[in-house]
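Subject: Structure handover

Hello,

Please find the structure below. My notes on the aromatic pairs and the ligand site follow it.

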Amino acid sequence: MQSANSTGRRILVFCASSGSCEPHFHDAAEALGREIARAGHTIVYGGGAVGSMGAVAGGALSEGGEVVGIIPRFMRELEWAHPGLSELRLVDDMQQRKRDMLATSDAIVTLPGGSGTFEELFEAITSKRLGLFPNPIVILNQRGFYDPLFELLESSVSERFMNEAHLEMWHSVERVAQVLPAIDAAAHWPDDAVEFATL
Ligand code: AMP
């Protein structure tokens, strides 16, 4: 796992493959890609060419940024992979992709998306809860998209399925400009997180 330097981070972005959502979601993804590249960080993502995935990669590449895509072979065969990335890593399946993405990053940003984005976010949160992934997780709650998710997670705490400390595993921001400062400000996640993984 990479160390969490404030410059030259590898920032893993989870976001939507949909090309049909409102254009402001793609605009935010592109703006985030530009900001990450301008700040000198590398983007790691799922390697897709469409939707917010294509937009975040395109934004970073347009600023001369480094973008690493990690994609299962079957998606490459379907021609879903972005053709212009700095590096494209082919993996056997979705499970290996998630493992490699987490191992290659030192911070995560999650944008609005669908089931694939949720799955990736929850794998990261669950790994963090178990002390297997200590790095910052920032969620872009664009136009309140993630409000229902935060409500559900808070219910999980109030019903004592999770510990109140687990609410510190992620940080919610509303605007793209707040993403990198939130990563820099994130407190170190305890090394002994597994000790309070269960109540
Ligand atoms: P979603 O948020 O449901 O659009 O899922 C985004 C995730 O779904 C990606 O990280 C991939 O795991 C997968 N995915 C779905 N469609 C594509 C695509 N056309 N290209 C690349 N990845 C895709």
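A search of the whole structure, which is a predicted model, finds 5 aromatic pairs (rings of Phe, Tyr and Trp, the last by its six-membered ring, with centres within 6.5 Å; planes under 30 degrees apart are stacked, over 60 edge-to-face, the rest tilted). One of them joins Phe 25 and Phe 145: the ring centres are 6.2 Å apart and the planes stand at 75°, so the pair is edge-to-face. Phe 25 belongs to helix 1 (residues 23-38) and Phe 145 to the loop between strand 6 (137-140) and helix 6 (147-158), so the pair ties together parts 120 residues apart in sequence. Helices (H or I, at least four residues) and strands (E, at least two) are DSSP runs, numbered from the N terminus.

Now the ligand. It is surrounded by 16 residues, the closest being Ser 17, Arg 97, Gly 114, Thr 117 and Glu 120 (a heavy atom within 4 Å). Helix 5 (115-129) and helix 4 (94-103) each supply at least two residues of this shell, and helix 5 gives the largest share, 4 residues.

Polar contacts (N or O pairs within 3.5 Å) to oxygen atoms of the ligand include a side-chain atom of Glu 120 at 2.7 Å and a backbone atom of Gly 116 at 2.9 Å. The protein covers 86% of the 490 Å² of accessible area that the ligand has on its own (Shrake-Rupley, 1.4 Å probe).

Residues are numbered from 1 along each chain as its sequence is written. Local features need pLDDT of at least 70 and side-chain atom pairs 80 or more, while totals for chains, interfaces and linings use all residues, and side-chain values use heavy atoms, without hydrogens and water.

Regards

Methods
A polar contact is a pair of N or O atoms within 3.5 Å; within protein, one must be able to donate a hydrogen and the other to accept it, and residues adjacent in sequence count only if both atoms are side-chain atoms.
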